[in-house]
Amino acid sequence: MAADDRPTDRRPHRRPTINDVAAASGVSRGTVSRVLTGEGYVSKDAREAVLRAVRKIGYVANRHARGLATQRSQTVAFVLSEPQHRLFEDPNFSILLRECTQELAAHDIMLVLTVAGTEADRKRVSRFVSEGGVDGTLLVSDRAGTSLVDELLGTGTPLVVCGRPLDDSREIAYVSADDRDGARRMTQHLRGSGRERIATIAGPQDTPGGRERLSGFRDVLGEVDERMIAVGDYSRASGEEQMLRLLERAPGLDAVFVASDLMAAGALDALHRSGRRVPEDVAVGGFDDSAAAERCDPPLTTIRQPWSRISKEMVRLLLGMINGESPAGMILPTTLVERASV
């Protein structure tokens, strides 16, 4: 028989099972299960034996089978309550998404991105969560009037919100930068640079950050002429539009605190078009310390939000709630980053 005519075994290789790991490591199936799920006590020697066996035989956990055993999907939803284009326009959302994905991956948990920018989207997300599609939810950018909080809380699934909730009468887990203190710090910095006619482009007043940053601005300046206050929607286009509006209403302004770096970039566009020099004629301060801040002309003095830590704490709180802990809130400090716009 020629070599090419020899019969070959075309049967697929059998996937190693938890029983194979137990046999290879010399411990019980229950011990292997405790090592793989991270639940229950296992001695150091037994744990090392199991992990050696896993590497040796190439065992990969069956996520579906583990879900049936633990009643968990090993999946978390990342819900952005904004129009879809904001995910790509605002770099802060991308940072949060990346950091949360990496943090959950360390616990072998998948993250599913869902965008809930319309009422129909919100209903689908709420239904998905209520049907047990995920073990918990990370909610980003919850706006008043379009809140998912009540519906998500009603599902009984653990929920952590990015940003301090507008309604603090309920026990909701959240992680937020100290928006109010950061706004105070930037406004004080502008005033400390010798500026006397300071305006602001605030964020949307149906968001926690929008309200808190405007309150911080008022804390420093006290009674403020309402002509010195404009409100944008965190987009670059709205920053440009509202800066032009401020220049019409208060042409003598010499500084502006803008409640996001993207809006500040738009404000700089408007100032350049109007012939104002930055910072000689008008100083500009932003908020976020996103990638946009360094690309501005001139580079933007801004308030840094600790995005990496915010992501880690959101995941930590959510995993704690999945394991039975109570909801908790956390407010993290911000940092002033000085560049050339002030």
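1. Asp-289 counts as buried at 16% relative accessibility (buried is under 20% relative accessible area, exposed over 50%, partly exposed in between, with a 1.4 Å probe and protein chains only). Asp-289 forms a salt bridge with Arg-339, with the closest N and O atoms 2.9 Å apart (a salt bridge is a side-chain nitrogen of Lys or Arg within 4 Å of a carboxyl oxygen of Asp or Glu). Asp-289 sits in the loop between strand E9 (283-285) and helix H13 (291-295) and Arg-339 in the segment after strand E12 (335-337), so the pair ties together parts 50 residues apart in sequence. Arg-339 is partly exposed, at 22%.

2. This is a predicted model, in which local features need pLDDT of at least 70 and side-chain atom pairs count only at pLDDT 80 or more, while totals for chains, interfaces and linings use all residues. Residues are numbered from 1 along each chain as its sequence is written, and side-chain values use heavy atoms, leaving out hydrogens and water.

3. The structure holds 19 salt bridges. One of them joins Arg-124 to Asp-121, at 2.5 Å between the closest N and O atoms. Both residues belong to helix H7 (residues 119-130), where being three residues apart separates them by about one helical turn. Arg-124 is partly exposed at 44% relative accessibility, whereas Asp-121 is buried at 18%.

4. Glu-226 forms a salt bridge with Arg-218, the closest N and O atoms being 3.4 Å apart. Glu-226 is partly exposed, with a relative accessible area of 48%, and Arg-218 is partly exposed, with 30%.

5. A network of salt bridges links Arg-180, Asp-181, Arg-184, Arg-185 and Asp-219.

Definitions and conventions. Helices (H or I, at least four residues) and strands (E, at least two) are DSSP runs, numbered from the N terminus.
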